[in-house]
Amino acid sequence: MDILLWNQILHPYEIAVREIVYKFDRLKTEYQMNGRYCPIEEVSGRVKSISSILDKLHRKEIPIDKMEKKVEDIAGIRIICQFVEDIEQIVELIESREDMKVRTVKDYVKFQKESGYRSFHMIITYRVETLNGPKKIPVEIQIRTMGMDFWATIEHSLQYKYKRDIPEHVRLRLTKAAEAVGALDSEMSAVRSEIMDAQLSSQLLHHMVAEILCALENLYTIAPKREIQKIQDEFYRVYQRKDMNALRKFHRQLDMISQGYRTQKMTNTGGKEPQKYDIT
Ligand code: 0O2
């Protein structure tokens, strides 16, 4: 099989990975825009390297012409979340989509692997459009918490270093580390609602500040500079209080001031001094 053929074979998998990562990223943005907690922390994807594919074919004694049928993780997506509870939400979200048809699932979260590995795996069918027409391909989606991901990444590197024959004393450490990750995930779950509240408040604060600064910037073209300076100083004062209600009130007043200056500009003052508006 020459290199050109590999490229041809892998191309639809690349399209699938790019499209799916993009779709999950867009979902994340949608959650944020709606001020809702997003169960997805990070999404990444990869097409399995040719050497990894060859290793897997060898390891599982799969003939090369059966590769596309038997190796279901050529296209791989990884979704990282903060809490174990988020995994279930993401699974339901995927199950409800029309563009991703779930073929099989493996729940290594409930049924941890002997190695200590924990993660939720789904094989889905995803349709890509290519120059040669549509093609349905399998994609493996791995869903796990940050803690599970940390453990799996380290263990994966060690498997590579020791050629899948990790020495017993290292294996023992990994088992202990897996237990610690399990305990960490449980502790985090216990304070999940508090953490979610804190994150949502901080997200709302960032959103509000961005909107206020944008409104202030728009004011530059219609209001006198010293007025804007006064409003800006007031904004810094209000911001220091980190009080969402005060910021909301400030935002509303700023909107009214902007509206006032805009109306004034439209009706043309005829050389008169522009009227001043105060934030109180
Ligand atoms: P890579 O380099 O990540 O692509 P098998 O190869 O038999 O273990 P199978 O039957 O194809 O796996 O499916 P399974 O068990 O769902 O595993 C698929 C992928 O999950 C693996 O791909 C790993 O990415 C990950 N995984 C499974 N078990 C472990 C584990 O014990 N430790 C770590 N770190 N990852 C694991 P590949 O092809 O093995 O490797």
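## Cavity

In this predicted model, the count of cavities of 30 Å³ or more comes to one. The largest cavity has a volume of about 40 Å³. Its lining is made up of Gly116, Arg118, Met148, Trp151, Ala178, Val181 and Gly182. By class, four of these lining residues are nonpolar, two are polar and one is charged.

Two helices, H5 (146-161) and H6 (168-190), each give at least two residues to the lining of this cavity. The largest share, three residues, comes from H6.

## Helix H6

Helix H6 has 23 residues. From its first C-alpha to its last, H6 reaches 33 Å, close to the 33 Å expected at 1.5 Å a residue.

The buried residues of H6 are Val170, Leu174, Ala178, Val181, Gly182, Asp185 and Ser189. Among them, Ala178, Val181 and Gly182 also line the largest cavity. The buried residues of H6 pack against helix H4 (84-95), S5, H5 and H7.

## Largest pocket

The largest pocket holds about 1,500 Å³ of space. Several elements give two or more residues to its lining: strand S1 (42-47), helix H2 (50-59), strand S2 (75-81), strand S3 (101-107), strand S4 (120-130), strand S5 (133-145) and helix H5. The largest share, seven residues, comes from H5.

In total, 41 residues line the largest pocket. Nearest its centre lie Lys48, Lys56, Asp73, His156 and Arg164. Sorted by class, the lining has 17 charged, 15 polar and nine nonpolar residues.

## Asp149 in helix H5

Asp149 is a residue of helix H5. Its relative accessibility is 17%, so Asp149 counts as buried, the cut-off being under 20%. Leaving aside neighbours within four places in sequence, Asp149 is in contact with Arg78, Ile80 and Arg144.

Asp149 can also be placed relative to Lys28. The two residues are 121 residues apart in sequence, and their C-alpha atoms are 19 Å apart in space.

## Ser119 in the S3-S4 loop

Ser119 is found in the loop between strands S3 and S4. Ser119 counts as buried because its relative accessibility is 0%. Its side chain makes a polar contact with the side chain of Arg144, at 3.2 Å.

Apart from neighbours within four places in sequence, Ser119 is in contact with Lys106, Asp107, Tyr108, Val109, Gln142, Ile143, Arg144 and Met148. One of these, Met148, is also in the lining of the largest cavity. Another, Arg144, is among the contacts of Asp149.

## Helix H9

Helix H9 covers residues 244-267, 24 residues in all. At 1.5 Å a residue, H9 should span 34 Å; its end C-alpha atoms are 35 Å apart, which agrees. At the start of H9, a side-chain oxygen of Asp243 comes to within 2.9 Å of the backbone nitrogen of Asn245.

The buried residues of H9 are Met244, Ala246, Leu247, Phe250, His251, Gln253, Leu254, Ile257, Ser258, Gly260, Tyr261 and Gln264. These buried residues pack against helix H7 (192-219) and helix H8 (225-240). Helix H7 is also one of the elements against which the buried residues of H6 pack.

Technical notes:
Residues are numbered from 1 along each chain as its sequence is written. This is a predicted model: local features need pLDDT of at least 70, side-chain atom pairs count only at pLDDT 80 or more; totals for chains, interfaces and linings use all residues. Side-chain values use heavy atoms; hydrogens and water are left out. On a 1 Å grid over the protein atoms alone, a cavity is a set of points where a 1.4 Å probe fits but cannot get out, and a pocket is an open set with protein on both sides within 12 Å along at least five of seven lines; lining residues have an atom within 4 Å of a point. Grid points are joined across faces, edges and corners, and a volume is the space filled by probe spheres set on the points. Helices (H or I, at least four residues) and strands (E, at least two) are DSSP runs, numbered from the N terminus. Ala, Val, Leu, Ile, Met, Phe, Trp, Tyr, Cys and Pro count as nonpolar, Asp, Glu, Lys and Arg as charged, and the others, Gly among them, as polar. The expected span of a helix is 1.5 Å times one less than its number of residues. Buried means under 20% relative accessible area, exposed over 50%, partly exposed in between (1.4 Å probe, protein chains only). Contact means heavy atoms within 4.5 Å. A polar contact is a pair of N or O atoms within 3.5 Å; within protein, one must be able to donate a hydrogen and the other to accept it, and residues adjacent in sequence count only if both atoms are side-chain atoms.
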